[in-house]
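Please keep the sequence and the structure to hand while reading.

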Amino acid sequence: MVLSVPTRLIKSLSRQSSPAIPTITLQDVISNNKGVAKVVLKKGKTQLFKDGSPMVYSGAVDRIIGRPPPKTGDVVLVADGSEKPIGWGLYNSVSMFCVRLMQLENEAARDPYCALNMEKLLETRINVATELRKNLGLPSVETNAYRLVNSEGDRLSGLIVDIFGDIAVVASSAAWVEKYKSDIESCVNRIPEINHINWRSSVELLKEEGLDLSSLEETQSPPSKQLVQVMENGIKYVVSLEGQKTGFYADQRENRHYISNISNGKTVLDICCYSGGFSLNAIQGGALNVIGVDTSLPALELAKENVLLNNLDPHRLSFLRQDATEFMKEALSRNELWDLVILDPPKLAPRRKALQNARGMYRNLNYLAMQVTKRGGFLMTCSCSGAMTQSCCFNGG
């Protein structure tokens with residue numbers, strides 16, 4: 001039998017339910033944390049950060065309240081023009097991004113355990129990231145190389161953690177990451193599969209963060225292993241832990257798998273192929289022929305080793321050491337075109353001051369890549385330069 005409850009009774013019952021737990025605000029938390037400085041934003045600059053942008057640039061800041069002034073790595077409140085807190089983050093006195101937001105006001109109210117406490121926040125965020133990957137089936141029998149922490153994507157701006165089997169490679173590009181190095185390593189070490197941690201500091205980016213590089217060099221230690229064998233989507237790779245970035249572009253895992261799905265019966269050109277990730281997936285997906293082009297000899301040696309490791313037909317897959325622009329121009333002079341072209345150049349604009357030169361290089365590379373793609377074919381173009389937007393590159397913005 002189904003009982004129908006009158007609407008008025010439902011409202012009455014809801015009013016009689018257990019009293020709501022008082023909301024804890026950042027202002028309440030700060031009352032127990034004397035000495036926390038407050039970064040006050042200019043009028044009209046608040047919404048951008050409330051909407052999720054974690055990087056508070058110096059031009060958005062009106063004033064800083066606190067004596068003595070905060071130092072790089074200090075926890076600070078971020079407030080609107082009326083000095084009402086909208087969140088908290090980590091301060092940098094040198095970088096163009098003077099605060100990296102870690103929690104907004106409503107998040108701190110839901111989880112006061114982490115409010116203004118970076119050690120607890122790190123533990124929570126890395127645990128959440130680990131659980132999310134497990135729910136996505138990572139690691140698995142076919143994949144033990146993946147990105148565990150994806151900087152802003154996991155709400156830890158400046159921190160990347162890639163997993164290669166039992167090795168975690170930590171890429172640090174923010175001063176706060178260096179400050180909390182021991183806490184980060186402690187969290188990562190608690191992951192059951194991890195036996196080794198390789199810490200890689202992005203020296204050029206950290207220089208812009210005002211980090212003392214002489215002290216950094218003293219803390220740098222060589223990886224316990226230089227080469228490690230991993231598997232991604234059933235394909236084996238040899239990864240150099242001293243290679244570019246973390247040694248392997250783990251963030252391209254799904255894109256590589258996608259290339260595998262659309263390569264059957266096609267001719268494929270892989271420009272800036274590095275260790276052959278896209279090329280191997282194309283062959284595995286049934287491509288007729290694949291050419292990989294890169295200027296790095298060590299990367300191409302890894303690519304060739306990966307071909308042998310997977311018992312692939314070397315007659316269908318070749319790697320050439322040549323400049324990308326020169327190769328595509330020569331191909332056009334021979335009227336040589338491909339069904340599928342992949343363009344994944346290195347970071348040409350590592351910072352905004354390099355943007356002007358990089359814009360021209362990106363346009364030129366993409367123009368040539370479109371020219372060598374057959375009519376009706378596919379072009380996958382990638383950029384790892386955060387300062388370079390799609391509209392900026394192609395529309396002259």
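Among contacts in the protein between residues at least 6 apart in sequence, what percentage join residues at least 24 apart? In this predicted model, the share of those contacts that join residues at least 24 apart is 59%. The protein has 397 residues, of which 47% are buried, and its secondary structure comprises 15 helices and 17 strands.

- Asp294 belongs to strand β14, which covers residues 289–294.
- Although Asp294 is buried, it forms no salt bridge, and the nearest side chain of opposite charge, that of Arg321, is 7.6 Å away.
- The side chain of Asp294 does reach two backbone nitrogens, that of Tyr274 at 2.8 Å and that of Cys273 at 3.3 Å.
- Once neighbours within four places in sequence are set aside, the residues in contact with Asp294 include Cys273 and Tyr274, together with Cys272, Leu300, Leu320, Arg321 and Gln322.

**The second largest pocket**

- The second largest pocket holds about 200 Å³ of space, and its lining is made up of 13 residues.
- Lying nearest the centre of this pocket are Thr124, Arg125, Val128, Asp154 and Arg155.
- Helices α4 (105–110) and α5 (118–135) each contribute at least two residues to the lining of the second largest pocket, and α5 provides the largest share, with six residues.

Definitions and conventions: Residues are numbered from 1 along each chain as its sequence is written. This is a predicted model: local features need pLDDT of at least 70, side-chain atom pairs count only at pLDDT 80 or more; totals for chains, interfaces and linings use all residues. Side-chain values use heavy atoms; hydrogens and water are left out. Helices (H or I, at least four residues) and strands (E, at least two) are DSSP runs, numbered from the N terminus. Buried means under 20% relative accessible area, exposed over 50%, partly exposed in between (1.4 Å probe, protein chains only). Lys and Arg count as positive and Asp and Glu as negative; His and the chain ends are not counted. A salt bridge is a side-chain nitrogen of Lys or Arg within 4 Å of a carboxyl oxygen of Asp or Glu. A polar contact is a pair of N or O atoms within 3.5 Å; within protein, one must be able to donate a hydrogen and the other to accept it, and residues adjacent in sequence count only if both atoms are side-chain atoms. Contact means heavy atoms within 4.5 Å. On a 1 Å grid over the protein atoms alone, a cavity is a set of points where a 1.4 Å probe fits but cannot get out, and a pocket is an open set with protein on both sides within 12 Å along at least five of seven lines; lining residues have an atom within 4 Å of a point. Grid points are joined across faces, edges and corners, and a volume is the space filled by probe spheres set on the points.
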